[in-house]
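Reader: Please show the model, and then let us examine its chains and their contacts in turn.

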Amino acid sequence: MRNRELTRPEKSQATFEPRIVAFFCNWCTYLAADLAGTSRMKYAPNVRVIRVMCSGRVDPQFVLDAFAHGADGVFIGGCHPGDCHYQEGNYKTLRRFHLLKRVLQQMGIEDERCRLEWISAAEADRVRSTINDMVEKVRALGPLDLIPTEEKVSAEEVAV
Amino acid sequence: MLEKPKVAFYWCASCGGCEEAVVDLAEAILDVVAAVDIVFWPVALDFKRKDVEAMADGSILVSFVNGAIRTSEQAEMANLLRSKSKLLVALGSCSHLGGIPGLANLFDRESILNAVYLESPSTVNPEGSLPATHHKDDGHSVELPRFYNAVQALNQVVEVDYYVPGCPPTPRIFRTALQTLLGDELPTKGTVLAPDHALCDECPRKDTKPERLSIVEFKRPQQLLIDEQKCLLAQGLLCMGPATRAGCEALCVRGNMPCSGCCGPTSRVKDQGAKMLSSLASLVEGKEEAEIDRILATIPDPVGTFYRYSLPASLLHRKKLDRASLHEPAASK
């Protein structure tokens, strides 16, 4: 638990490029992102896509870990309600997401930093527009800038 | 005569319940006293910090430290005991994960000091003085510990060898841990000295847990007459059993109260609160957002519930701080 790596150097607001981690479902949003690519659509390059078999695989720990390691935003993409390849996975995601958002609010992390979208395999344009929209919203918020407890204490305070 | 192994106890930010847990060994404490030499235990014996400072490095076999780290003095003592001891053991939830005091990580130092010393209705402080680290009076000056901006678990400040979980650890957990530590074969460093499976596994109500749980409303214990046999989750109570380490023999559940999660997560889980949130939310009935929100609204305080004992040790550690709030408050007298 000690020595948590600090991935983000200090950056000024002017040069700030949001870093967004995206978890895309293998059966829909990931295919849509793939389609956006093959269709040569352009969208903001700030997103790092991680393919998961189902949005229901996105453990809330993944989201918190992304924030803790320097992500400015987390984007989860899943199948439209009723379309889940595993029947119920996206409903579980939806419920977890709603509870996770309340935890994030209590922890002082802005609403726009965590987003859930239903995007089918055909909706390449929706991948483009939602990602662009999120990048702009997070850019307006600025870096997440979590201050690690360990860094502060070990550097400044424990001089025994 | 062969020298007995030396043992020390110390408390940091805690309630004293863990000290009580040691005494709760009852008659077995006589065996402990016979087997070891207690060289430092401020709550019960008159040894001072200078006595510890005078000891050779590594001369204490094991130091049990309970309580979280909130002040500079606690961090100093943790470091001192670390260097004097072969094994440093975090005793109880606060030391293991941050514990109840760790919920103060939902606030920053300034708002805590303001609430306690200036704003609370029962506070009389016309000069508005706040705790300071230096104080001069009549030619004498004193140094006082600094109040950190965050509560930390013991392993966020010093290296910890083993953990004894629980709030407080039950006499059985503590006795077993002590036997393990005094024995010849030590477990892997970093081990939590309790079983590594979820509480549901040893719950007396295990068989009444339905195959598929479905929750339409969360209830608080005072809102219903709790069935003494049936799975508490199945009754709509928010029981942390699925995301909490076993070892306590389900004491709270036997007392007809839901588990609040004091033994922390199992070794496969990083963040107890997130795991509980995940498990619980997926049991919620409803597929429409409004319906889901209505059910989830019956959990009034998600962080206080899911992270009751583990906020400092969680992935986010604390509520996001404003960098501007980090500056030192001007020293007051």
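The questions and answers below concern this structure.

Author: This is a predicted model, in which local features need pLDDT of at least 70 and side-chain atom pairs count only at pLDDT 80 or more, whereas totals for chains, interfaces and linings use all residues. Residues are numbered from 1 along each chain as its sequence is written, and chains are lettered from A and ligands numbered from 1 in the order in which they are written.

Reader: What is the radius of gyration of chain B?

Author: The radius of gyration is taken over C-alpha atoms, and the globule rule is 2.2 Å times the number of residues to the power 0.38. For 333 residues a compact globule would have a value near 20 Å, with which chain B agrees. Along the principal axes, the C-alpha atoms of chain B fill a box of roughly 70 × 60 × 30 Å. The radius of gyration of chain B is 22 Å.

Reader: How far apart are the C-alpha centres of domain 1 and domain 2 of chain B?

Author: The domain bounds come from an automatic or database domain assignment. In chain B, domain 1 comprises 6-100 + 149-182 and domain 2 comprises 199-306. Their contact takes 8 residues from domain 1 of chain B and 7 residues from domain 2 of chain B, two residues being in contact if their C-beta atoms, placed from the backbone, lie within 7 Å. The C-alpha centres of the two domains lie apart by 31 Å.

Reader: Which helix gives the most to the side of chain A that touches chain B?

Author: Helices (H or I, at least four residues) and strands (E, at least two) are DSSP runs, numbered from the N terminus. The contact takes 34 residues from chain A and 36 residues from chain B. Helix H2 (60-68), helix H3 (89-106) and helix H5 (149-157) of chain A are the elements that give two or more residues to the chain A side. The most, with 11 residues, comes from H3(A).

Reader: How many residues of H3(A) are buried?

Author: A residue is buried if 20 or more other C-beta atoms lie within 10 Å of its own, exposed if 12 or fewer, and partly exposed in between, with C-beta atoms placed from the backbone. H3(A) is largely enclosed by the rest of the structure, because its buried residues number 13 of the 18.

Reader: Against which helix do the buried residues of H10(B) pack?

Author: In helix H10 (residues 289-296) of chain B, the residues Ile292(B), Ile295(B) and Leu296(B) are buried. They cover an arc of only 95° around the axis, which puts them on the same side of H10(B); the arc is that of the directions from the helix axis to the C-beta atoms. The buried residues of H10(B) pack against H3 of chain A.

Reader: Is Cys167(B) buried or exposed?

Author: Cys167(B) lies in the loop between strand S9 (162-164) and helix H7 (171-182) of chain B. Not counting residues up to four places away in sequence, Cys167(B) touches Gly17(B), Gly92(B), Ser93(B), Gly99(B), Cys262(B) and Tyr309(B). With 24 other C-beta atoms within 10 Å, Cys167(B) is buried.
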